[in-house]
Every structure is written in C-alpha cells, then in structure tokens.
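Reader: I am new to this one. Please show it to me, and then let me ask about the labels.

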Amino acid sequence: MAITTVTVTLIATGLPAAACGEEDKPASEKVRVSGAPGAVKNVKAVGNVPDAQGAIAMGFLQYGHRDVMAVSGEFGLKVYDLTKNPTAPKLIGEVSLPGLWETEDTEVDVKRKLVFLARDPRAYGGTTQTGESGIYIIDLKNPDKPAILSYTKVPAGHTTSCVDDCRYLWTGGPAKAANQPADWGGRPIWVTDIRDPRNPKTFPNPIELARNDGKTDYVHDVQVDDEGVAWVSGRGGVRGYWTSGYHRDPVLGKVRRATAFEPVPYAGGGIEETAAPSKFMHNSFHPSGHRSADGAESNRWRGRDLIYATEESFLDGCAGDGVLTISSLQNSYNGEGWRSTPEKPFRLKSVGTWSVAGQEGSDPATGDCSAHYFDVRGKVLVQSFYTQGTRFLDVSDPTDPKQIAYFRPADASAWAPYWHKGYVYVADNTRGIDILKLTA
C-alpha cells in the first residue's frame, strides 16, 4: 500500500531552540556530557521507530479491529498501523510540516477521527514575541490518507486540548506576545468551537485569568478526567472546571450552567512551594471519582481526593529540577484557589513527591532531571524525565512513590509515555518511538 504524504511548504529558519518549559530549555542536548552508560531494569525494549525522530506526542485511534497510532512532532504528523504487529508500527500516512513546534500532548477525537496540533509561536523560526500561533485540525477518517481540514490562528498555541466531549478546544501558552497585556506572566486559555472542524471559531476573550495568586499567567496544559472536569495546569498550580451541565459555582455562590467558554470552578489551586518551588505545573492527572461525601480521612488516599502534577523546572545540576507532585484537593472545593492572593495565598497540601535525581538508574553526569509528561494505569505511573529516560513508579501509597523499573538509553530524550494495550509507547525526541514492556 502506498504511503500518502501531505506536505505543507513553509519558510523556516531552523528548528526552535526552546522546549516547553518555564525556562525555555533546549529541546534536546546536542552535546551530551559523557556519563554513565544507559541503564535498564524490569523493562524490556520490544521495538523502536527511528523514523519518528523529533517525536513529541501521540494518540491512538481504533477503526474496528484496526489499531492506529498518530505521532506528532517537529515533522508534523505521522500515522502508523499497529494492527498486525504493535511492536513494529507500519507508517501509512503523513502530514509533513517540517519545523512545526510544539504539539505537546496532542489529542485525538476518537469519534470523529480528528487530530489537533498546536502551533507554538516559535514554530518555523518564530519567537514568542512575534511568531504566529494556531491550531491545525487533521482529518483521519481514512488513516492512510490524512488531510488538513483547517488551520486557524489563535492567540495561544503551546498546547491545545479537547473539552466537553471534543466539541471545543482549550489552547494555552507559551510566554506572552509583545501585543498582549504587560502584566501577564504568560498566555491564558482561548476557547475554540470545533463542532464544525472545517470552520473553527475562536472566542475573542480568554479564560482562566488571574490563576497565579491573582495574576494572569502561563497556562501550560489541560487534562480532562473521567467525570468531565478539565484540570488546567500552569504557573500558579492546577485548577479544575466543569465545562457542561449545571453545578454550584463556589466563587459566585450559586448554581449555574457550565460551558466551555463560561466554565464553573470545581477545585484545586496552587501547589505548596516546598513541593514545587517554581510554581510551574506542567500537566496533571485526577483519578476517577470525587471526594467522599463526608471527606473522611480514611477515604483520602483511595484515588478520590488527589491531584498528581508535574513540575517542569530546570536549574543548574539535577537536585533542584522539577518533580512529580501529589497533593490533596481537600479544602479546595469552595473557591479557595480562585481567591488566593500574594498576601493571603492558598495552597494544596502536599502528600508526596518523587524526583529522579540520585535515583537508581540515573546518569549523574547530565544536568537535566526535570519531570515531564506521565501516564497512569492502576497503581503504576510511568513518566518521562528527558535524558534520565522513562521511569515506572508504584503509587499505591501516594505518600511514598517507589521506582519499580526504568529505561534510560544513553541517548535518551524522553518526552511523553503512553500506556496502550499492555505496552508503553515513549515519544523520544532523539530516538523516535520506543516501545516498552514492563516485566516486573
């Protein structure tokens, strides 16, 4: 079968020099300090896709018995068939966008077979001050023939996420543009109506303002839990919103209808600085279910009242780099995170943290130890740590996460891991896609 490639020609002055984080870290280390060789424990590498070098994120789609993986990255979008052999993905289609940035946490609409790519202003040689940002919507109804349905300019473009059953997108980040308010610390969220994906319509006024103790700041990403609550991560913590249905608004003190463009606050707030000194929360995960009706202490650790989040932060050396944080949502359901100020700050209570620095299997010579994207299945959390590779943690006791396995190739640049049908697919910006099987 011939591979269909859709190529979009764009003028580029070189790939962006900045990654997703607060301090615009390089996408990968071009000159790697000689250190410990690669390290592997309780994991078997069962496959690798080197032609996906530059990978940043991925999503999975089902077509009856056909299993398809869509990989986004600096190349645009590549589509692979996993059906016959999930450890040897077969390239079947491509939308070529050389120099695209950033496409982190690329999401798919599993019903309509759409993929959403966020264009960061640093794409195609642009800058946060002057570059153009927006959203590409890719049609994958026929995965062998991917096609761009639409491209729309949006004032933000670091990440874009489905809310309200993929009827709308929430797009945020990165640092603010020259024409945006001087008192902003970064870009908040713009809402785009994609009910007609050929004609997206972006609302003019942003939302999720004043998130950092009253200051509008950098929104990095959005994750929606199984109940439909959209958890917004960025500088200033993690806050959750209802985007549909009728709910009590704890800030306004009344029941009202939630929409994607007028969401109802639910819970969340800033993370304790002792756990995340930078205050920059990269992405999050809220386990299924909500707090118990009485908020009983005995129910607190049953996955019903916690928020898992990544701090992305890069300091000299590794010891102070960003960590995985686990915090309690208790005492945040009455709008406390929306009333926080520098004079009267509200913070979620930290339950546990985990850092890769100094852990078994780590390379002591690299100065890159920041946490990045993670995925959770049952009691096992798998997380990428850039050059420190992919780590598997037992989080059955969230107060004491324990490493149970790791995969750190000598040339690792792991950005995001995904559980899929018993395997973990890792988007590695240097290596392409690594396919792992946990053996512990």
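Author: Let us begin with A210, which sits in the loop between β15 (201-202) and β16 (219-224). Keep in mind that the model is predicted.

Reader: Why is A210 called partly exposed?

Author: Its relative accessible area is 30%. Buried means under 20%, and exposed means over 50%. The value for A210 falls in between, so A210 is partly exposed.

Reader: What is the phi of A210?

Author: Phi of A210 is near 55°. That is a positive value in a residue other than glycine.

Reader: Which loop holds K113?

Author: K113 lies in the loop between β8 and β9 (114-119). K113 is not a glycine either, yet its phi is positive, about 60°.

Reader: Why does K113 count as buried?

Author: The relative accessibility of K113 is 14%. The cut-off for buried is under 20%. The value for K113 is under that cut-off, so K113 counts as buried.

Reader: Now the peptide bonds. Is the bond from W101 to E102 cis or trans?

Author: That bond, from W101 to E102, is cis. Its omega is near 15°.

Reader: Where is E102 placed?

Author: E102 is in the loop between β7 (90-96) and β8 (107-109).

Reader: What is the omega of the peptide bond from G173 to P174?

Author: Omega there is near -5°, and the bond from G173 to P174 is cis. P174 belongs to the loop between β13 (168-172) and β14 (189-193).

Definitions and conventions
Residues numbered from 1 in each chain as written. Predicted model: local features only at pLDDT ≥ 70, side-chain atom pairs only at ≥ 80, totals over all residues. Heavy atoms only, no water. Helix = DSSP H or I, 4+ residues; strand = E, 2+ residues; numbered from the N terminus. Buried < 20%, exposed > 50% of the residue type's maximum accessible area, 1.4 Å probe, protein only.
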